[in-house]
Amino acid sequence: MNREYDAIVIGTGISGGWAAKELCEQGLKTLVLERGRMVSHGDYPTATKDVWEFDYRGKPSAKSNSKQKTQSRTGFVTQETTAHWFVNDIEHPYNETKRFDWIRGYHVGGRSLTWGRQALRMSDLDFEANKLEGIAVDWPIRYKDIEPWYTKVEKFIGVCGENLGLPHLPDGHFSPAMPLNEVEKDFRFQISKHYKDRYLTMGRFANLTGNTHHIGRSNCVYRNRCMRGCPLGAYFSSNSSTLPAAERTGNMTIRPYSIVSEILYDDTSKKATGVKIIDAETYETLEFSAKVIFCCASTVGTTSILLQSKSDRFPNGLGNDSGELGHNLMDHHFRVGASGTTTKFKNVPYSNNRPASFHIPRFRNLNRSEPQSNFLRGYSFQGSASRTDWRRAIKELSYGKDFKDDLLKPGPWRIGLTGFGECLPYHENKIALDYDKKDQWGLPTVTFDAEFKDNELEMRKDMQEEAIRMLRLAGFEDVKGFDTTAYLGHAIHEMGTARMGHDPKTSVLNRFNQIHAVPNVYVTDGSCMTSSGNQNPSLTYMALTARAVDHAVKQFKDNLW
Amino acid sequence: MDRRTAVKNIALSLGLVVSGSTILSVFNACATDKTVVLPEFFKKSDIHSVEGLVDIILPKTSSIGATDLNISLFIDKMCYHVLLKKQQDEIRMGIQEFSKRFEEITNKLPSNGNREDYQQMVATYFDVSEERENAVFEMLENGSDKLAENVKPDYYLYAFLTTIRELGMLGYFTSQVVMEGDIEV
């Protein structure tokens, strides 16, 4: 196997796929490394199974759950339908000073196969917030810097949705939105009637609708089994979209089972020269060289590799002059909101199979000239209404003929919404490496020490109150609030730990995602985030990656490396 | 005959190399034949109670019932393979408690109980006020660790009854025939 390349991409998830596609399409011979197994588009073993075809009707067995104890904290990813997309926690241990739910999949495509597919742009309300509030450090970019890259990404991945003209949730390049059902339409009407600053819109999802042709993919047919992998390629993933695009160029070499243990640094040239890997199956150590390296191994994965990459010049990890590497860990907080029922709309046609939810964009703290809430930043809501099924009677003691006959019919409509709240970047929320506890490849394990603080907890109170208030105002009955204890990691939106910033003394990356002191190493996954916003972050990772590759290729072609 | 032995013997008698899918189809065929499949979790005497209960909870009417689908064996499989150790222990305690109360109420062993007896048992513990129903689920959610000793028998009884009910519903309503609407008797 060739050991020398123009570029190396570490990771094949949502960011790595984009780095691979863009680098290869620009003509760079690119080695793409993945620590887990190979998954080609279509290798989705449960994609077409019906519930009765699973041994335990989709529920995880005690035996499989014993191997995925941490993954099962989510309550859904370890079901028979998707358990194979998530790691074995015994084989991939980590440590928790404070609870952190590290939910991940080690295979080609990573979590791009299982992501929530919400594709929301961040705005200057987000990019300016740290500076205006004196929190952490300022983002080194503004919306105008990333706007064309959002558009480029949306055009390629295919996002359906509705433009609203809101400055804090910028419009995008969308195919037709999936339809709201009648209950959701009524909720939308009621919200507009009662609030001037709140909107209900169909969520912006990376599922194909409309007439635009996407190579090798077809429109969503509402199977609502996206997390299993879609044989139609109807939703965007690395496997269905970016990696095939990279493959078509003939410039990509992909190597699964390749655990990057270190990025190699040469202090004479002040640049990285390549990577050292451990073959996950043979335990063999190999080195590959390249002129540019893209770190896309996920927030915690990338920062672990950088922390492991020690040298005389960087004794605390590659690019860690600031001491911020590993710090400022964030995740969205959610699972707080409300639900309600309605006895109306019994006779309207319906389907519960739409693979998308509605969205109520942020409405708190939008205007700095107006009174602010008792917390900084804000949250949005995601939710849906559907007819209830037989599960509505689980917490009852009913039985017999009438019970059975009733449950064979659709039940009343139920609507639910959960908030997604911003988490501030706290220096003390961090990861570190434990060299006393090593994994089977001899690499140090990660220790998490992070928690949500007063700002997030205050926000959650408001999230629940407002969810209840909106549902009641809209006329729903049996409205109940909920607030499940929030732990970082649970939203599977981990961010930060190698933040972007203006100043090398306080940040790890510059405005083009280059490590300040090692300019041929780019970090474009969630670790680069300077703040979290409340928006699902994957679209931003993809846009930043495409933008960073554009910058890297110019440097490469100008022979700066 | 143990079903694994049965499969092996069938394969040997036919001189076949048995593939995974063949084994699966033989198992499925066995699953419709109550005389072949043995429970893995419940004792043979207890599976009669499970069958008696689900027959009352999801009876055969103009549409098929739980017994038509061998739901008791589905429940057994779920208890054996899906429930965690602590839950399994609670179910075992629960069926003991159920058997004890069955004898007290019907003056029969559960294995000798008929449909009317099981109807009486279900009515005794399921036909309760909404307040009592809420209290039962609250008790189950809180777990048994901090319960007073004199309340624990009730806890185990309802852990058993509600698990049978819930798994019975899961097995019935997610079965192919019910989901495809082919349920008329």
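Let's start with strands β17 (residues 514-515) and β18 of chain A, which pair in the antiparallel sense over two bridges. Strands here are DSSP runs of E with at least two residues, helices are runs of H or I with at least four, and both are numbered from the N terminus. Two strands count as paired if DSSP finds at least two bridges between them. β17(A) and β18(A) form a hairpin with two residues between them, and Ile515(A) stands opposite Val518(A) of β18(A).

A quick word on what we are looking at: this is a predicted model, where local features need pLDDT of at least 70, side-chain atom pairs count only at pLDDT 80 or more, and totals for chains, interfaces and linings use all residues. Residues are numbered from 1 along each chain as its sequence is written, while chains are lettered from A and ligands numbered from 1 in the order in which they are written.

Back to β18(A), then. Which strand pairs with β18(A) in the parallel sense? That is β9 (residues 292-295) of chain A, over three bridges, and there Phe294(A) has Tyr522(A) as its bridge partner. Five of the six residues of β18(A), which covers 518-523, are buried, so the strand is largely enclosed by the rest of the structure. By buried I mean that 20 or more other C-beta atoms lie within 10 Å of the residue's own; 12 or fewer makes it exposed, anything in between partly exposed, and the C-beta atoms are placed from the backbone.

Elsewhere in chain A there is an open, antiparallel sheet of three strands, in the order β6-β7-β8. β6 (258-266) and β8 (285-289) of chain A each have a single partner strand, so one side of each is left without a neighbour in the sheet. From one strand to the next the twist averages 25 degrees. Axes are lines fitted to C-alpha atoms, for helices over the stretch in contact, with angles running from 0 to 180 degrees between N-to-C directions. β7 (residues 271-279) is joined to β8(A) by five bridges, and one of the residue pairs is Lys276(A) with Glu287(A).

Now a helix from chain A. α11 (residues 538-557) has 20 residues and reaches 28 Å from first C-alpha to last, close to the 28 Å expected at 1.5 Å a residue; the expected span is 1.5 Å times one less than the number of residues. Of those 20 residues of α11(A), 14 are buried, so this helix too is largely enclosed. After α11(A) comes Asn559(A), with a positive phi near 55 degrees.

On to chain B, with its nine helices and zero strands. Buried residues make up 33% of its 185 residues. In helix α4 (residues 71-81) of chain B, nine of the eleven residues are buried, so α4(B) is largely enclosed by the rest of the structure; Phe74(B) and Asp76(B) are among them.

How do α5 (residues 85-106) and α8 (residues 152-173) of chain B cross? Their axes come within 7 Å and cross at roughly 100 degrees. The two are therefore roughly perpendicular, the word used for 65 to 115 degrees; under 35 is roughly parallel, over 145 roughly antiparallel, and the rest oblique.

Finally, the two chains together: 18 residues of chain A are in contact with 24 of chain B, contact being C-beta atoms, placed from the backbone, within 7 Å. Helix α9 (residues 400-407) of chain A gives the most to chain A's side, with four residues.
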